[in-house]
Amino acid sequence: MHRVTFLLFLLFSFPAFSQAKHPFTFEDMMKLKRVGEPVPSPDGKWVLFAAVDVDLAANKKTSHIWIVPLNTNSGATGAAPVQQGSGGHERVLIGDQDGDRPRWAPDGKRFAFLSNKEGGSQVWVADFDGTLGAVTGVHKLTSIATEAGGELWSPDGRHILFTSDVYPECDGAPGPETTCNAKKLKDNEESKVKALIFDRLLYRHWNAYKAGKRSHLFLTPVPPQFDLVGANSSPMIEKVRDLTPGDYDSPVFSLGGQDDYAFSPDGQEICYTSNHDKVEATSTNNDLWIVPVNNGATGAPPVLPKNITADNPASDSTPLYSPDGKYIAYRAQQRPGYESDRFRLMLYDRKTGEKTDVLKDQRGRIFRRDSKTGESIDVTNFDGLVGTIAWAPDSKKIYFSSGFYGRSMIHSVEVGNLEHLDRQTGGYDDDLVISPDGKQIIFSRMSVQAPNEIYVAKIGDQDPAKGGTLRTTQLTHLNDAILSQVAISPLESFWFPGAKGDKVEGFLVKPPNFDPAKKYPVKFLIHGGPQGAWGDDWSYRWNPELFATNGYVVIMINFHGSTGYGQKFIDAINGDWGGAPFEDLMKGLDYAEKTYPFIDKDRECALGASYGGYMANWVLGHTDRFKCIVTHDGMFNTYSAWGTTEELWFNNWEFKGTPYTNPEMYDKWNPRNYAKNFKTPTLVIHSQLDYRLDVSEGFQLFTTLQTMGVPSKMLYFPDEGHWVLKPQNSQLWYKTVNDWVDRWTKKK
């Protein structure tokens, strides 16, 4: 072959060799689609899911409904995709409007979803052709002023349950409750007086003031044909019923995860979570309540909801009826006031009222294999936190996710047996659901190298080469094209002797184009919670790959208090915020400096948010080893933090009382008390709408640094809460943080 011809052949035959991968950028991250939970169709042929697109220039996030065949060999033959994924069989199902949280009707001929198309979140219904895998019509179902969310179909497909934040005093008011709520909402919006009056605590939560509203569950009929009965007509609105009236949140506040309410299989009952304690701000006593679906529908006196977990003063949540209707599975904690107590898997017998701790004394084989030594540990008593739960269709087995040593894996349980289904050493598996025939697990999986995609595993199809884990197949590939163009490093684990003589795990991410002969500066990340953990998972807000991309080694330590290492390890941080965790962090960094010769110990910066921000403030007063510090939404003054937070139970538990009952504890772990030692250049970040840790914490710290002459800067967001979520705000956040670290650690 002629030389020129041969070179051209190579060029066009192997394009991968001619195009090197570039370092991962913020713009790359914003192009990634954010895949939601999988929802299989009743016939087991299709999987619905939502995926969020980010428009950085427009500073906007938009969710769309996607679909993928569960068996990729049986896809639709006549459906014209609106938008194809990047490598898989998935496609956008509704392209001309936003859509989130798809839920199938029981017959599979329709599905409900949430959309803001006509202003405000409302429930919509789409007609679905299962042969083509196509939508044939879209209809708006709800039109209530207080908006609608969290929709669920009734088992007979005739009603939809949804949530809305409403004014409890409208219950029993003349005329439809929705009319009363609409009027009150309009009056408040049009009033020139915006003052609020409080007469109890928890008057604001997370990033918003409650303003007298409560979360309630509503039931609305679904017309058999939308062209016969207008969903927005007066008769339809009047038929909307509040199933959980009263001055309580029913369901309770949640930042995501599994629903806190469910239908019974016969459709005659709902179970939901609500906290009726007098002082909600100091209580984690969420209980499970049941109420008949037809309550108040016939004109008869309404039946009072029944509390089925009144005997447990701690949290009970995420109820899920067994398909045969005999049980309600749920998660429960044992210690009141402790939000990080272990969630146990419980069963409630609907006939006898008996409750069973399913995993109590269960014995199973769960392995952790060290990447260097090959050491494996056989855990004979399950001590993990139960996450998402799902029933097998025959009601004989429950599947659940649980974090373990920086991973999240799927388990199944039946009486007398604990079977560990997926012992993959990398990635996080969650959002699990069982296929209607009971033969497959459909779930989401992510890792530090890739965000969520949907996977499927055939139950019983174990891979001996991987320690008996299930063989998994990636079902969606929405982000393959972008990820194939960027250089992303794997997560590396290391173990070292930490505080209390315990082994502690750390993680390391190397920069792209890593050269072991070079010396690299370090970004030392400190996780929040504090009962959280670093692991092989993806984050858009604190992304290790993005921190490493401009020439840094990223180090993360799962100190005492981190999840995934047993409840004893979690509890070790209670009343010891600056003790064992600080010791673990310093010993972990010492170990990394001695073990990895490419680390430049003279160019290190510590960064943390939430509890990580608290620890960054603690580090600021206890060591000068870092060239700089970044502290985001951190607690600076334990006294003022207690007085301005909304969830008082958290501070009361962690500091073993209030500042008035146990001032010694608040003094002992108060970063403010060590301000005289502050020397390290510090970037302070805080947001106005952060009600977990009030913005005044950041202002106090910045004022202290400035008056002491410590090099410092503050990044203030007037429109964000505890998390920075808006695309352009996030862009500014990453740029400001990275510029600050570069200023103090990069060689001049």
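Predicted model: local features only at pLDDT ≥ 70, side-chain atom pairs only at ≥ 80, totals over all residues.
Residues are numbered from 1 along each chain as its sequence is written, and side-chain values use heavy atoms, with hydrogens and water left out.

Strands here are DSSP runs of E of at least two residues, helices are runs of H or I of at least four, and both are numbered from the N terminus. Two strands pair if DSSP finds at least two bridges between them. Phe524 also stands opposite Ala606 in strand 40.

| Partner of strand 38 | Sense | Bridges |
|---|---|---|
| Strand 39 (residues 553–558) | parallel | 4 bridges |
| Strand 40 (residues 599–609) | parallel | 6 bridges |

Strand 38 (residues 520–526) is largely enclosed by the rest of the structure, because 7 of its 7 residues are buried (under 20% relative accessible area, 1.4 Å probe, protein chains only).

Now to the cavities. On a 1 Å grid over the protein atoms alone, a cavity is a set of points where a 1.4 Å probe fits but cannot get out, and lining residues have an atom within 4 Å of a point. The model has 2 cavities of 30 Å³ or more. The second largest cavity holds about 30 Å³, a volume being the space filled by probe spheres set on the points. Its lining includes Asn617, Asp633, His686 and Glu697. Strand 42 (682–687) and helix 14 (695–707) are the elements that each give two or more residues to this lining.

How values were computed. 1 Å grid on protein atoms, 1.4 Å probe; cavity = no way out; pocket = protein on both sides within 12 Å on 5 of 7 lines; lining within 4 Å. Buried < 20%, exposed > 50% of the residue type's maximum accessible area, 1.4 Å probe, protein only.
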